[in-house]
Amino acid sequence: MLADFRSALIHLNLRLSAFFLIISHLSMPASVLSYNMKQSDLTSDILIIGGGPAGLSAGAVAAELGAKVIILDDNPVVGGQLIKQTHKFFGSKSHYCGVRGIDIARILETKITHPNITMMCDASAIGYYEDNVIGVVQGEKFTKLHAPKIIFATGAAENMIAFPNNDLPGVYGAGAVQTLMNVHGIRPGRRALMVGSGNIGLIVSYQMIQAGIEVVALIEAMDRIGGYNVHAAKLQRLGVPILISHTVKYATGKDFVTGAVIVKVNKKWQPIKGTEKKLKVDMICLAVGLTPLSELLYQAGCKIVYVPDLGGNVAWHDKNMQTSIPGIYVAGDASGIEEASTAMLEGRIAGAAAYQSLKGVNLQAQEIIKLSKTELDQIRQGPFGTRPRLGKEKLSALKI
Ligand SMILES: Cc1cc2nc3c(=O)[nH]c(=O)nc-3n(C[C@H](O)[C@H](O)[C@H](O)COP(=O)(O)OP(=O)(O)OC[C@H]3O[C@@H](n4cnc5c(N)ncnc54)[C@H](O)[C@@H]3O)c2cc1C
């Protein structure tokens, strides 16, 4: 258990180091980044950053069509978010409905055994340099990768909310809690307050109960539950109070969280005085949305636009997932927060489109793109598809 905890901390530390390296590079002018970067150590036709459902699907399609592909991911195993999702997925049969996320990851893994694919794990892309060169840190080693086509499938980062003491140990993002529990076998606390009633908040609350954590309450600022009723009902049957129109006012504690004060909010999400309640908890878990990871795309010079329906700043892209820079593609949550099913479909489109832009028009690639677009349209007709559909329509309407 101690070793797991250490490895979780080391992993977190590496992620933070990579993040700060990216941030420090982002503040440099592009001319500095081009220094000594003309030669790359490894080349491929298509380089894919991110080995989640989007990146793995893009790689499988491009390799099958005949392209040489490198996929890199900063985790020790492939699958992205899926490696911690122990619940059975919703959706359609063709997108693994009823299969657990961890099992979908293993299925996708079998699709990247093609000899055209080189998979690099524990490898963080830390910077984009001119001529499509990506700087990669893998352990102690720094490598430069080059490809004429790059697909960014970097996923998303968790949102935080501002309240006094939100920097105390014991305040977590829901994804971090899921990683600690389901990947590293660590129980991060004993009594939890969950903030956010979207599917992530509901599902992670249930998984906390499975891990032996008491979920004292789940609060939601909106005046309704955000996620599927079936997940909410499961929690309510287990006695978890779901309090709508509530937010967290502040956390208590000196060295770590010892409690939380929650408060009722009005329709404008303003706290209503006198409605405060104290909860004795040792962890506060935030499931308050995700933001697409667009830093590397920004660094590459792609046009970035703010589209709230897609989760924030995203690289503008066309229906073939190509950004404003020819040869640079984006797919999955990095192109707008959605689901694993849509991430896989966008990945397939990006993989086939990148292949065609490299090798010319190909009937099989065209068929993959057509079919995937039809399936995306169908998924986005559903109740949870409205926001991403509107977001993507806003992108299409923009003149770039
Ligand atoms: C609790 C929870 C429940 C969910 N339930 C469902 C569900 O039931 N059905 C459904 O369809 N979807 C579900 N989802 C959503 C789904 O998991 C995501 O939409 C999907 O994983 C997005 O895929 P992706 O490939 O775009 O990104 P990710 O899965 O996030 O993969 C991106 C990968 O890129 C890596 N990466 C990022 N930056 C770099 C870098 N610089 N260098 C190297 N690697 C990098 C990341 O570490 C990660 O491994 C759920 C999500 C959560 C959190």
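A: We begin with a classification by side chain: Ala, Val, Leu, Ile, Met, Phe, Trp, Tyr, Cys and Pro count as nonpolar, Asp, Glu, Lys and Arg as charged, and the others, Gly among them, as polar. In this predicted model, the residues of the shell around the ligand divide into 17 nonpolar, 17 polar and five charged.

Q: Which residues around the ligand come nearest?

A: The ligand has 39 residues around it, and those that come nearest are Gly 50, Gly 52, Gly 80, Gly 155 and Gly 332.

Q: Which helices and strands supply the shell around the ligand, and which helix gives the most?

A: At least two residues each are supplied by helix 3 (53-65), strand 5 (123-129), helix 5 (174-183), helix 6 (199-210) and helix 9 (340-359). Helix 6 gives the most, with four residues. At the level of domains, the shell draws at least three residues from domain 1 (2-157 + 291-397) and at least three from domain 2 (160-288).

Q: How many helices and strands are there in the protein chain?

A: The protein chain has 11 helices and 21 strands. Of its 400 residues, 44% are buried. Sequence separation gives a further view: among contacts between residues at least 6 apart in sequence, 65% join residues at least 24 apart.

Q: How many bridges join strand 11 to strand 17?

A: Strand 11 (residues 191-195) and strand 17 (residues 283-286) run parallel and are joined by four bridges. Within this pair, Ala 192 stands opposite Met 283 of strand 17.

Q: What is the order of the open sheet of four strands?

A: The order is 1-7-6-5, with mixed pairing. Its edge strands, strand 1 (42-43) and strand 5, each pair on one side only. Strand 5 pairs with strand 6 (residues 133-138) in the antiparallel sense over six bridges, and Ser 124 stands opposite Val 137 in strand 6. These two strands form a hairpin with three residues between them, and Asp 131 in the turn has a positive phi of about 65°. Strand 6 in turn runs antiparallel to strand 7 (residues 141-146), with six bridges joining them; the bridge partner of Gln 138 in strand 7 is Lys 141.

Q: Why is strand 5 largely enclosed by the rest of the structure?

A: The answer comes from a count of its buried residues. Seven of the seven residues of strand 5 are buried, so strand 5 is largely enclosed by the rest of the structure.

Q: How many residues lie between strand 19 and strand 20 in their hairpin?

A: Four residues lie between them, and Gly 311 in the turn has a positive phi of about 105°. Strand 19 (residues 304-307) and strand 20 pair in the antiparallel sense over four bridges. Tyr 306 has Asn 313 of strand 20 as its bridge partner.

Q: Is Tyr 96 buried or exposed?

A: A residue is buried if 20 or more other C-beta atoms lie within 10 Å of its own. Tyr 96 has 22 other C-beta atoms within 10 Å, and is therefore buried. Tyr 96 is placed in the loop between strand 3 (69-72) and helix 4 (101-110). Not counting residues up to four places away in sequence, Tyr 96 touches Phe 89 and Ile 104.

Q: Where does Lys 319 lie?

A: Lys 319 lies in the loop between strand 20 (312-315) and strand 21 (328-330). Lys 319 has 13 other C-beta atoms within 10 Å and is partly exposed. The C-alpha atoms of Lys 319 and Glu 393 are separated by 10.0 Å, although these residues are 74 residues apart along the chain.

Terms used
Residues are numbered from 1 along each chain as its sequence is written. This is a predicted model: local features need pLDDT of at least 70, side-chain atom pairs count only at pLDDT 80 or more; totals for chains, interfaces and linings use all residues. A residue is near a molecule or strand if its C-beta atom, placed from the backbone, lies within 6 Å of it. Domain bounds come from an automatic or database domain assignment. Two strands pair if DSSP finds at least two bridges between them. A residue is buried if 20 or more other C-beta atoms lie within 10 Å of its own, exposed if 12 or fewer, and partly exposed in between; C-beta atoms are placed from the backbone. Two residues are in contact if their C-beta atoms, placed from the backbone, lie within 7 Å.
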